[in-house]
Amino acid sequence: MAPFNDLNANGLYEPYLGETPIIKGDEAIFFVFNDNGGLHHATGGNPIGIEVHGMAYAYSCTNDSALYNTIFVDYTIINKSSNQLDSTYNGNWTDFDIGGFADDYIACDVARSAYYGYNGDSIDDGGGQGQPTYGINPPAQAVVFLEGPYQDSDGVDNPPVYNDLVTNYGNG
């Protein structure tokens with residue numbers, strides 16, 4: 001169930017009592033998925049009992065082009081198994097198709113906790129694939145991680161370092 005303001009703290013969604021969904025942004029989509037719904041064809045792995053609650057949301061803010069052209073996604077990952085999990089890794093898959101896909105490239109900007117897709121040349125011509133194109137002004141698209149996983153609390157906001165790479169996700 002999507003999050004809601006539970007005015008009487010009984011765990012039941014009762015809109016006739018004035019309880020309302022908790023929606024971020026001006027428009028939002030709440031979704032739930034898990035790893036226990038069938039065979040893992042792509043990986044061959046076993047389910048571990050993870051449930052993910054997600055909310056994708058956006059703002060209608062025409063006077064701020066960066067905010068107006070941004071989609072935010074929050075994930076809450078819940079361990080529904082009886083096993084304690086540690087040393088977990090989360091991945092994010094993005095299919096950047098900037099007009100014609102054959103000349104798209106990806107890169108990263110570690111200092112900004114971002115990766116991005118862009119057209120490989122100054123004209124997006126579609127490469128003869130019948131794809132819609134952007135012509136002489138191809139855009140770029142980025143994914144920026146605004147927050148990372150929580151770290152062990154030691155009272156200090158000290159971002160972890162992996163192979164001399166500071167991830168910018170502290171524990172404060």
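Figure 1. E51 is buried, with a relative accessible area of 18%. Here buried means under 20% relative accessible area, exposed means over 50%, and partly exposed lies in between (1.4 Å probe, protein chains only). K80, at 53% relative accessibility, counts as exposed. E51 forms a salt bridge with K80, and their closest N and O atoms are 3.8 Å apart. The pair links distant parts of the chain, with E51 in strand 2 and K80 in the loop between strand 3 and strand 4, 29 residues apart. A salt bridge is a side-chain nitrogen of Lys or Arg within 4 Å of a carboxyl oxygen of Asp or Glu. Helices (H or I, at least four residues) and strands (E, at least two) are DSSP runs, numbered from the N terminus. The model is predicted: local features need pLDDT of at least 70, side-chain atom pairs count only at pLDDT 80 or more, and totals for chains, interfaces and linings use all residues. Residues are numbered from 1 along each chain as its sequence is written, and side-chain values use heavy atoms, with hydrogens and water left out.

**Figure 2. A salt bridge between D74 and K24.** Side chains of opposite charge can pair when their charged atoms come close. The structure holds 2 salt bridges. In one of them, the side chains of D74 and K24 meet at 2.2 Å, N to O. D74 lies in strand 3 and K24 in the segment before strand 1, so the pair ties together parts that are 50 residues apart in sequence. D74 is partly exposed, with a relative accessible area of 29%. K24 also counts as partly exposed, at 34% relative accessibility.

Figure 3. Two strands pair if DSSP finds at least two bridges between them. Strand 1 and strand 2 (residues 50–58) run antiparallel and are joined by 8 bridges. Which residue in strand 2 is the bridge partner of V32? The partner is H53.

**Figure 4. A nonpolar patch on the surface.** The patch is formed by F33, I71, V73, Y75 and I77, which together have about 510 Å² of accessible area. Patches are made of residues with over 30% relative accessible area and no salt bridge; like charges are joined within 9 Å, and nonpolar side chains (Val, Leu, Ile, Met, Phe, Trp, Tyr) within 5 Å. Strand 3 (residues 72–79) supplies the largest share of the patch, 3 residues. V73 is found in strand 3 and is partly exposed, with a relative accessible area of 39%. Accessible areas come from the Shrake-Rupley method with a 1.4 Å probe; for residues, only the protein chains shown count as cover.

Figure 5. Another open sheet of 3 strands has the order 4-5-6, with antiparallel pairing. Strand 4 (104–109) and strand 6 (140–144) stand at the edges, each with a single partner strand, so one side of each is left without a neighbour in the sheet. From one strand to the next, the twist averages 20°. Strand 4 is joined to strand 5 (residues 114–119) by 6 bridges, and the two run antiparallel. A107 has Y116 in strand 5 as its bridge partner.

**Figure 6. The surroundings of G135.** G135 lies in the loop between strand 5 and strand 6. Leaving aside its neighbours within four places in sequence, G135 is in contact (heavy atoms within 4.5 Å) with S122, I123 and D124. G135 and G99 are 36 residues apart in sequence and 8.6 Å apart in space, C-alpha to C-alpha.

**Figure 7. The backbone at A9.** A9 is found in the segment before strand 1 (27–34). A9 is not a glycine, although its phi is positive, at about 55°. A9 counts as exposed, at 66% relative accessibility.

Technical notes
Axes fitted to C-alpha atoms, helices over the stretch in contact; angles between N-to-C directions.
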